[in-house]
Amino acid sequence: MHTWPNLLSSSPTGPGHPSHRMPEGPELHLASHFVNEACRELVFGGCVEKSPVSRNPEVPFESSAYHISALARGKELRLTLSPLPGAQPPQGPLALVFRFGMTGSFQLVPSDALPPHAHLRFYTAPPGPRLALCFVDIRRFGHWDLGGKWQPGRGPCVLLEYEQFRLCPSRENVLRNLADKAFDRPICEALLDQRFFNGIGNYLRAEILYRLRIPPFEKARTVLEALQQRRPSPELTLSQKIRAKLQNPDLLELCHSVPKEVVQLGGSWTLGAQSPHSNPRRHSRVGAWESRERGLWPQDPPTPSATVSCRGQVPQEEIQGSTEGS
C-alpha cells in the first residue's frame with residue numbers, strides 16, 4: 001500500500017527551524033505575529049535603508065522615534081511606521097504593503113550582523129544595542145508598495161476573513177462567478193487565483209486537493225459546481241449538521257481550515273528571529289500529481305521516493321507578483 005508523508009508535519013517547527021514552504025497566507029500571518037511580538041517594546045529611529053540592488057521603491061521616511069506594527073491579509077503584509085509624540089520631523093504614519101514572492105521573510109538582527117539579501121532595513125533608536133528589522137529576500141521576487149493599500153482585485157483572506165469568504169456574498173464570490181474563465185482551468189490552477197482564493201498557494205492547494213482526493217487536473221468548474229448541490233438533510237439537527245461539516249469539509253471549508261492548521265503548527269516566527277525561507281519542494285504533492293498523466297494517481301499514488309520536485313515549476317503569476325500570484 002502506497003502512502004505519502006503528511007505535508008503539514010514534514011517540516012520541523014519551533015524556534016531555530018526554517019520553514020521549508022514558499023510564503024503563503026499562513027506564513028504571512030505568522031510573519032505579522034513575529035513583527036508585532038518582536039517589535040512591541042522597540043523604538044525605531046532614523047531613515048529606512050534600502051539595499052542598492054533592490055528595484056523596489058525607496059521608502060521616504062525619517063523619524064527620531066517610531067513604532068512598527070504589522071497586519072497580514074492573504075498573501076500580503078502591511079507594515080505601519082507610526083511616529084511617537086514629539087518625534088522629529090513631525091509627520092503622520094507611513095504604511096507599506098509587502099508581497100513575499102518566493103523567499104521573502106522578516107528578521108530582527110544586530111545592526112552590525114545584517115544577513116545577506118536584507119533589502120529593506122529599519123534600525124532601532126539609541127540607547128541600547130542597535131538592532132535592525134530586515135526584509136530578507138534571496139531571490140528578489142518580493143515587492144513592497146508605499147501607501148498601505150491592499151492590491152486591488154484580491155478576494156477575502158481565506159484565513160482571517162473566513163466569514164466573508166465562506167458566507168454570502170463571499171462563498172458566493174466563488175460559486176456565483178463560476179462562469180469566469182478562471183474556472184475553465186484545472187482546479188489546481190484555479191486555486192492560485194487570488195481574486196477567489198486569497199492566501200492559497202502551492203503547498204496549500206496540494207494539501208487541500210489531496211485530502212479530498214480530487215484529481216488536480218479536473219476542471220475547476222466541475223469541482224465547484226458539485227458544491228452547489230451539497231445540501232445537508234433538513235431532517236438533521238443543528239448539532240448533526242455541524243458535526244457532518246466537521247467530519248466531511250468541502251473544498252471551500254478546507255481553504256480556511258488547512259491554513260489555520262499551519263498557523264497552529266507555529267514556526268520560527270513565534271520566538272527569536274524569523275528564519276529565512278528555503279524552498280526544497282521534495283515533499284510537494286504538486287509535482288507528484290503531474291505523474292497523473294502516467295496513470296499513477298489517484299488509482300495508484302506514488303511513493304515518497306517517486307515524488308517529483310516542483311522547483312522551477314512555480315506559475316508565472318506567482319513569480320511576477322500579479323493579482324493571481326504572491
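**Tyrosine 66 is buried, at 0% relative accessibility.** Buried stands for under 20% relative accessible area, exposed for over 50% and partly exposed for values in between, with a 1.4 Å probe and protein chains only. The model is predicted, so local features need pLDDT of at least 70 and side-chain atom pairs count only at pLDDT 80 or more, while totals for chains, interfaces and linings use all residues. Residues are numbered from 1 along each chain as its sequence is written, and side-chain values use heavy atoms, with hydrogens and water left out.

**Aromatic rings form pairs in this model, ten in the whole structure.** One of them joins phenylalanine 61 and tyrosine 66 edge-to-face, with 4.9 Å from centre to centre and 80° between the planes. Rings of Phe, Tyr and Trp (its six-membered ring) pair if their centres lie within 6.5 Å; planes under 30 degrees apart are stacked, over 60 edge-to-face, and the rest tilted. Phenylalanine 61 has a relative accessibility of 3% and counts as buried. Elsewhere, ring pairs link Phe98, Phe100, Phe106, Phe135 and Trp144 into a cluster.

**Strand β3 (residues 62-73) pairs with strand β1 (residues 44-47) in the antiparallel sense.** Three bridges join β1 and β3; strands pair if DSSP finds at least two bridges between them. Phenylalanine 44 has tyrosine 66 of β3 as its bridge partner. Strands (E, at least two residues) and helices (H or I, at least four) are DSSP runs, numbered from the N terminus.

**A hairpin is formed by β3 and β4, with two residues between the strands.** Strand β4 covers residues 76-83, and β3 and β4 pair over eight bridges in the antiparallel sense.

**Four strands make an open sheet in the order β2-β7-β8-β6.** The pairing in this sheet is antiparallel. The edges are β2 (49-50) and β6 (104-110); each has a single partner strand, so one side of each lacks a neighbour in the sheet. Strand β7 (residues 118-123) and strand β8 (residues 131-137) are joined by five bridges. Within this pair, alanine 118 has valine 136 in β8 as its bridge partner.

**The charged end of arginine 130 sits over the ring of tyrosine 123.** The distance to the ring centre is 4.3 Å. A charge counts as over a ring if NZ of Lys or CZ of Arg is within 6 Å of the ring centre and within 35 degrees of the ring normal.

**Lysine 50 and glutamate 58 form a salt bridge.** The N to O distance is 4.0 Å; a salt bridge is a side-chain nitrogen of Lys or Arg within 4 Å of a carboxyl oxygen of Asp or Glu. Twelve salt bridges are found in the whole structure.

**Arginine 221 and aspartate 184 meet in a salt bridge of 2.7 Å, N to O.** This pair links distant parts of the chain, 37 residues apart: arginine 221 lies in helix α6 (residues 220-228), and aspartate 184 in the loop between α3 (171-175) and α4 (187-190). Arginine 221 counts as buried, at 14% relative accessibility, while aspartate 184 is partly exposed, at 44%.

**A salt bridge joins arginine 211 and glutamate 261, at 2.7 Å, N to O.** Arginine 211 belongs to helix α5 (residues 202-212) and glutamate 261 to helix α8, and 50 residues separate these distant parts of the chain. Arginine 211 is partly exposed at 31% relative accessibility, and glutamate 261 is partly exposed at 28%. In another part of the model, salt bridges with shared partners connect Glu76, Arg99, Asp145 and Arg154 in one network.

**Helix α8 runs through residues 251-265 and has 15 residues.** From first C-alpha to last, α8 reaches 21 Å, close to the 21 Å expected; the expected span is 1.5 Å times one less than the number of residues. At the start of α8, a side-chain oxygen of aspartate 250 comes within 3.1 Å of the backbone nitrogen of leucine 252. The buried residues of α8 are Leu251, Leu252, Glu253, Leu254, Cys255, His256, Val258, Pro259 and Val262. An α-helix has 3.6 residues a turn, so residues three or four places apart point the same way.

Key. Polar contact = N/O pair within 3.5 Å; in protein donor to acceptor, adjacent residues only side chain to side chain.
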